Number of protein chains: 2
Amino acid sequence: MTPLRHTLNHHVMAVGESPIRRLFEIAADPSIISFAGGHPAPELFDVDGLAAAYAHVFATDGPRAMQYGSTDGEPEMREAAARRLQEANVPASAAEVMVTSGSQQGLGLVAQALFNPGDVVLVENPTYMSALQAFAVQGVELKALDGDEAGLVPEALAAAIEMWNPKAVYLIPTFQNPTGISMPASRRQQIADVLADSDVWLIEDDPYAELRFTDDVLTPISADPRLDDRSLLLGSLSKVLSPGVRVGWIRCPDEEARERIGVTKQATALQTSTVDQLAAAHYLATHNMEEVLAPVRAEYQARMLTLVEELSQVLPAGSVMNQPAGGMFVWARLPVGFDTQALVFEAAQAGVLYVPGPPFYVADPDPRTLRFSFVSNGVERTREGVRRLAAVLGTESTLAQSA
Amino acid sequence: MTPLRHTLNHHVMAVGESPIRRLFEIAADPSIISFAGGHPAPELFDVDGLAAAYAHVFATDGPRAMQYGSTDGEPEMREAAARRLQEANVPASAAEVMVTSGSQQGLGLVAQALFNPGDVVLVENPTYMSALQAFAVQGVELKALDGDEAGLVPEALAAAIEMWNPKAVYLIPTFQNPTGISMPASRRQQIADVLADSDVWLIEDDPYAELRFTDDVLTPISADPRLDDRSLLLGSLSKVLSPGVRVGWIRCPDEEARERIGVTKQATALQTSTVDQLAAAHYLATHNMEEVLAPVRAEYQARMLTLVEELSQVLPAGSVMNQPAGGMFVWARLPVGFDTQALVFEAAQAGVLYVPGPPFYVADPDPRTLRFSFVSNGVERTREGVRRLAAVLGTESTLAQSA
């Protein structure tokens, strides 16, 4: 008899666990200082505010909150998401917005609704590794796009479209994961021009934009109306309110694609938690998010600056790293000869963690790269973490080049 | 240029919206008495109890509740699910249990982790139509199994396995949707015997068992240890606590399949709401569910008895229907010549709704069948709904045969 395991889905069998999942298990040890996970700082969560929102929902609308709801999302949450998008210069309506149980579900639904096995999907290289997983379980072929210090290179996109006839391109234009790069407005415009001349779907992932350290609001590429029949813009409350609550959204102006994503959500999830949606919508309707986010942004910026300053003291000569204008991540490259995947086990033994860069790549992984999250640890703990890392690197005060 | 819509996933394109989704939209009109949806009675929800559980979680464990959690589920919720299963005579451990965002996500994950396009999946005929959707978006071929008044016929299962070499069989052994049939223990044993001799996965869906009107606890087929390497048992809090909260589980003793389902959940959802899981687990840990469910069971039984009694007065001579021992549904067949899909529009105009039977079938749909949910309407409203139906049927007091 055929062993049962051979009967599992062959695309899923080809997908590994997230390579950083095991790191996260190590990171759960409180004696470890982890720069690995992209976990928001829990001490900055508005616990009382969210608790009050849930209490309000149960007190005023309890039976509805506990009942089945709409696959597309509760009207209040769709409105709230549309308002967030409008504030980011996207001309969104509630009718265009579908609520998701977080952006990862959004990526899964988009992949399942759009992709057939063998389709080509273009991605930045490196990029968010869990998006690669969401696409890989659909059996797609991932192709790498070249970037520079301003993000994706438009000519590389145009050439890849010509060469690969792709179904879609997946981009994180603002505070990219893992590189922290934000594409300037001119670059976004060039990319929109290329896509407007193609029939390629844009899957634009925008979870980090609210964590900005300047007043510069970067308009998503999807705001370009020429892309209305081919753009999907994913947003989330994970980085601005709470990742545990699992409320995100997809803005999809194209009616047929939205309907297909809806059928997929209905078949594979039915709906997002009604109580979470109503509580999140009430929170958003009763708070000025600029005021809520101001202290979060200030604290994250302080942590980022500390991390960059400390790293610049201890990374070996010849290292490069960025100084992001927002988001959660600092990306660095060590000098020739270093292997961040080998080094991470030494680092763990020394009580500090980062994420090695190679798993973020779909082609030509650079073994010298590594990612630091700067949001999870306070300033003092960040300093101590870098001291531990210095011991592993065998450096103490070597000055690094800043990229 | 190829129209974009042609580039969507072809399995998803082949799946329609749930045929009863439009009925649910009509059913939202409060002047309509709907027997269509399987919505629990909101007036029986323990709003205060669940509100207190959320308040407790925020007061004692707020930052954790708002933070990212485990893909497999929070330990408390996995333990709580294992305890529910043990009380149903399933020798489950928390390690075997994966939390899902409701059973529909469980079906979606199982389908995605197990099925390749073209795989054959055997289903009862009729069966839960949203399971058919979850399987269809994976491009499987559905084959119908014959049943009788005791549920699936074991010989039909054995013959179908021989003929179709299926990947899996999907069953709802207890208070089946839509028929309300429960397989007796002897029938379950025979089905387990057939499956133990095969390499076919059992996908056992068990959302209704707690809504029983007798003390007879029907042990799931998956409890048979011979099936440990091929059984998946899906449970949910939707029918016993709240469908809006979206917490369910899959018990999967086979480690490799469990890991693949975990990879799929990680890639397509990341995790279930941490706050919902902790609140649900706290509720379960602090309530005697037999006491919580006693008044719900009593009320649902009274509603079922009223519906059956009233229907028996107004269904045309020659009709048959069942009287279920639990669950949510009464299933009926009208005499030759009736077409429940045509009739439902007249019924809606008369202010009453049911679900026509044909969409529940994968083969040989019976146009004379229809499903009534007995849980959503109180006794008086149930009587009024049947009076409205009588006007449509052109009957007033014709005595129906009871099946």
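How many residue pairs are in polar contact between chain A and chain B? The count is 32 residue pairs, both residues at pLDDT 80 or more, where a polar contact is a pair of N or O atoms within 3.5 Å; within protein, one must be able to donate a hydrogen and the other to accept it, and residues adjacent in sequence count only if both atoms are side-chain atoms.

Before selecting anything else, keep in mind that this is a predicted model, in which local features need pLDDT of at least 70 and side-chain atom pairs count only at pLDDT 80 or more, while totals for chains, interfaces and linings use all residues. Residues are numbered from 1 along each chain as its sequence is written, chains are lettered from A and ligands numbered from 1 in the order in which they are written, and side-chain values use heavy atoms, with hydrogens and water left out.

**Stop 1: the interface**

Select chain A and chain B together: 80 residues of chain A are in contact with 80 residues of chain B, contact meaning heavy atoms within 4.5 Å. The area buried between the two chains is about 6,700 Å², and carbon and sulfur atoms give 59% of that area; buried area is the accessible area (1.4 Å probe) that two parts lose on being put together, summed over both. Between chain A and chain B the count of salt bridges is zero, a salt bridge being a side-chain nitrogen of Lys or Arg within 4 Å of a carboxyl oxygen of Asp or Glu.

**Stop 2**

Next select helix H5 (residues 103-114) of chain A with helix H9 (residues 255-268) of chain B, whose axes come within 6 Å and cross at roughly 100 degrees. Helices (H or I, at least four residues) and strands (E, at least two) are DSSP runs, numbered from the N terminus, and axes are lines fitted to C-alpha atoms, for helices over the stretch in contact, with angles running from 0 to 180 degrees between N-to-C directions. H5(A) and H9(B) are therefore roughly perpendicular to each other, since angles of 65 to 115 degrees count as roughly perpendicular. Here A:Gln104, A:Gln105 and A:Gly108 meet B:Gln266, B:Ala267 and B:Thr268.

Now select H9(A) and helix H5 (residues 103-114) of chain B, where the axes come within 6 Å and cross at roughly 100 degrees. In this contact A:Gln266, A:Ala267 and A:Thr268 meet B:Gln104, B:Gln105 and B:Gly108.

**Stop 3: a salt bridge within chain A**

Over all chains, a search of the whole structure finds 48 salt bridges. In one of them, the side chains of A:Arg187 and A:Asp148 meet at 2.9 Å, N to O. This pair links distant parts of the chain, with A:Arg187 in helix H8 (residues 185-196) and A:Asp148 in strand E5 (residues 147-148), 39 residues apart.

**Stop 4: backbone details in loops**

Select A:Pro126, which lies in the loop between strand E3 (120-124) and H6 of chain A; the peptide bond from A:Asn125 to A:Pro126 is cis, with omega near 10 degrees. In chain B, turn to B:Pro178, in the loop between strand E7 (168-171) and helix H8 (185-196), where the peptide bond from B:Asn177 to B:Pro178 is cis, with omega near 15 degrees. Finally, select A:Asn165 in the loop between helix H7 (154-164) and strand E7 (168-171) of chain A: A:Asn165 has a positive phi of about 45 degrees, although this residue is not a glycine.

Methods
Angles under 35 degrees count as roughly parallel, over 145 as roughly antiparallel, 65 to 115 as roughly perpendicular and the rest as oblique.
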